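Colleague: I'd like to learn how to read aromatic contacts in a model like this one. Can you walk me through them?

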Amino acid sequence: MAPAMAIQSIVDEQETEYQKGVKQLYEKGIKKLPRKYILPSHERPNITSNNGHQHQYQAPKDFATKNGGIKQNIQLPVIDFAELQGPNRAQVLKSLANACENYGFFQVVNHNIGDGVISDMIDVGTRFFGLPFEERSKYMSANMKAPVRYGTSFNQNKDNVFCWRDFLKLMCQPLPDVLPHWPSSPQDFRHLFVMLMEAILESLSPAPETAAFPTADGEVVDEMEKELMEGGSQLMVVNCYPPCPEPDLTLGMPPHSDYGFLTLLLQDDVAGLQIQHNDKWVTVDPIPNAFVVNVGDHLEIFSNGRYKSVLHRVLTNQSRNRISVASLHSLPFEYTVRPWPKLISEQNPQRYRDTDFATFLQYISSCEPKRKNFLESRKIC
């Protein structure tokens, strides 16, 4: 075999191995991070000191993100779901609006989803990624619309540099087809989403005297509200981040925003999620059995920019496996998302173009998705 062909054969073989996922690499006991996963130096998980100089992030075993010896962790706003359903609803709605406007993230406690259901979801993910690769690979597919899909990285068909992450994605419509594969959690997630969206719509609703059109009780609910509450799409994603030999050179997930309305996230007790807040990357402290909820691109569009879809990423560590379960909620895939008519007026004109899921799929299929590029492409200058 000619040298050039031999080299190409080695490259192809390596690429095939990378497509199998990072769990496979971890199980082989690799000690050095393959070049395929090494980010350019300016994209690595660096931190910036108070004097503006950057220092390489080193993930210690107990995973404390440090900046000059100071932990760069954040306690997100906490929404007590029980309080939201009680006499203090008005005050909780103000806290919810503040969280969506200024953080793009919040945590929900006392949500009535039992600890057993939560532990079952984490356990399902742990057991799936503990299966032999031959079993996991049965769900591998390049079709982004496949009802069940196992894959790796962020967008393995487009990523030039791979992320240290494997995933299992599950479309949750029609729900009866999904339940045989999971505990009852898709229904539980869906109920929580509907209740949160009702609160978010209430927090967004303008006062009658400032509304573009009347909002009196008994008003016919517009079609988009109805689709959010009664229809909608739900995608569940189980993420696996195995221990990484060189966590300072890569990321579990790159900086990105979520395309839907809301994402509900369950984490195990291993920290890793970071959000961009006040131009700094800060680590979210996990609260046991709480949901981390974040504003998606569609909600930013729907709110006409009032509520913010915030960049977030995932760090890796050397010693502990991390499992998270995300439930992404939005309108039905064929539906068009646009700013809520109640929020549009001469003083507050439409700031985003109408969009749909097909436009999003076309966008990410044609380029490597980065940061909030898709959302930026929908803004009206």
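Predicted model: local features only at pLDDT ≥ 70, side-chain atom pairs only at ≥ 80, totals over all residues.

Colleague: How many aromatic pairs does the structure hold?

Modeller: There are nine aromatic pairs. Take Phe129 and Tyr150: their ring centres are 6.2 Å apart, with 55° between the planes. Planes under 30 degrees apart count as stacked and over 60 as edge-to-face, so what is left over is called tilted. That makes the Phe129–Tyr150 pair tilted.

Colleague: Where do Phe129 and Tyr150 sit in the chain?

Modeller: Phe129 belongs to helix α5 (residues 115-129) and Tyr150 to strand β8 (residues 148-152), so the pair links parts of the chain 21 residues apart. Phe129 counts as buried because its relative accessibility is 2%, and Tyr150, at 1%, is buried as well.

Colleague: What kind of pair do Phe302 and Trp340 form?

Modeller: A stacked one, at 5.1 Å centre to centre and 20° between the planes. Phe302 is in helix α10 (residues 297-302), while Trp340 is in the loop between β18 (336-337) and β19 (355-356), 38 residues apart. Phe302 is buried, with a relative accessible area of 0%, and Trp340 is buried at 0% too.

Colleague: Which residues form one aromatic cluster?

Modeller: Tyr18, Tyr37, Phe162 and Trp164 do. One of those rings has a charge over it: Lys36 lies over the face of Phe162, 4.7 Å from the ring centre.

Colleague: Which residue lies over the face of Phe167?

Modeller: That's Lys169, at 4.9 Å from the ring centre.

Methods:
Residues numbered from 1 in each chain as written. Heavy atoms only, no water. Phe/Tyr/Trp six-rings, centres within 6.5 Å; stacked < 30°, edge-to-face > 60°. Helix = DSSP H or I, 4+ residues; strand = E, 2+ residues; numbered from the N terminus. Buried < 20%, exposed > 50% of the residue type's maximum accessible area, 1.4 Å probe, protein only. Lys NZ or Arg CZ within 6 Å of the ring centre and 35° of its normal.
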